[in-house]
Amino acid sequence: KNDLGVDTELIFRQLIDMKRHGVITDKRKNVDRGKSVASSFRTYMGADPEIPKTLKYLAYNPAFEFRDISYICNVPRIARQNSLVAINNALAVDLLGQIVVTHIGSAPIGSPGGSLEYSLGAHYSNGGRAIFALQSTALNGKVSRIVPHLEAGSVVAVPMFYADYIVTEYGIANLDCKNIRERAEALISIAHPGFRPQLEDAAKK
């Protein structure tokens, strides 16, 4: 890939490395052209020896712009970006394609970030698409993150209609324009093989 652009809530050191090496140029963006735009830089001080060098590269660099969250997560602004690829993570996905980002059951795990806003923006972007990535299992392989139905108390952060692709280490499920049966089949195909038989039984029921 080349001439990529960045528009994000959190920018990570690896993306900044890609900018330094010319993979990210932002020159094809039609909003904030020439700038990588973010609300904050995620650092892991102490764990990453490259952070001081990255901070020095960022300081007063006109190729980066940090804006408040009301600007970053503005859906009409996001949607104006052509071919926007929204990439977010997920805690769990049910067989309809409903995305859980913040809770496991009623237990809060994290914050929603801009998952919904960027998914909506991608939905209305010319050529846009929304991708959610997650590992197929949790608790050292004991439970599947692709589930027949969500636990009571779960919060659906992103409705089924706004997730185009779900990705695990077992492949990619394209949910775009699929009916309920096709969605379930696609999601089961990227679940951990050990959980696929029970997911198929649950889907049939």
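This is a predicted model: local features need pLDDT of at least 70, side-chain atom pairs count only at pLDDT 80 or more; totals for chains, interfaces and linings use all residues.
Local features were kept at pLDDT of at least 70 and side-chain atom pairs at pLDDT 80 or more, while totals for chains, interfaces and linings use all residues. Residues are numbered from 1 along each chain as its sequence is written, and side-chain values use heavy atoms, with hydrogens and water left out.

Thr8 has Ala38 in E2 as its bridge partner. Between E1 and E2 the chain passes through helix H1 (residues 13-20) in a right-handed β-α-β crossover (clockwise from the first strand over the helix to the second, with the strands pointing away from the viewer). E2 is also joined in parallel to strand E3 (residues 64-66) by three bridges, and Ser36 is partnered there by Phe64.

Another sheet is open and mixed, with its four strands in the order E12-E5-E6-E13. E13 is antiparallel to E6 (residues 99-100), with two bridges; Val100 is partnered by Val156 in E13.

Turning to the helices, H6 (residues 180-189) packs against H7 (residues 196-204) at about 170°, with axes 10 Å apart (axes are lines fitted to C-alpha atoms over the stretch in contact, and angles run from 0 to 180 degrees between N-to-C directions). H6 is therefore roughly antiparallel to H7 (angles over 145 degrees). Ala184, Ile188 and Ser189 in H6 contact Arg196, Leu199, Glu200 and Ala203 in H7 (heavy atoms within 4.5 Å).

Key:
Angles under 35 degrees count as roughly parallel, over 145 as roughly antiparallel, 65 to 115 as roughly perpendicular and the rest as oblique. Two strands pair if DSSP finds at least two bridges between them.
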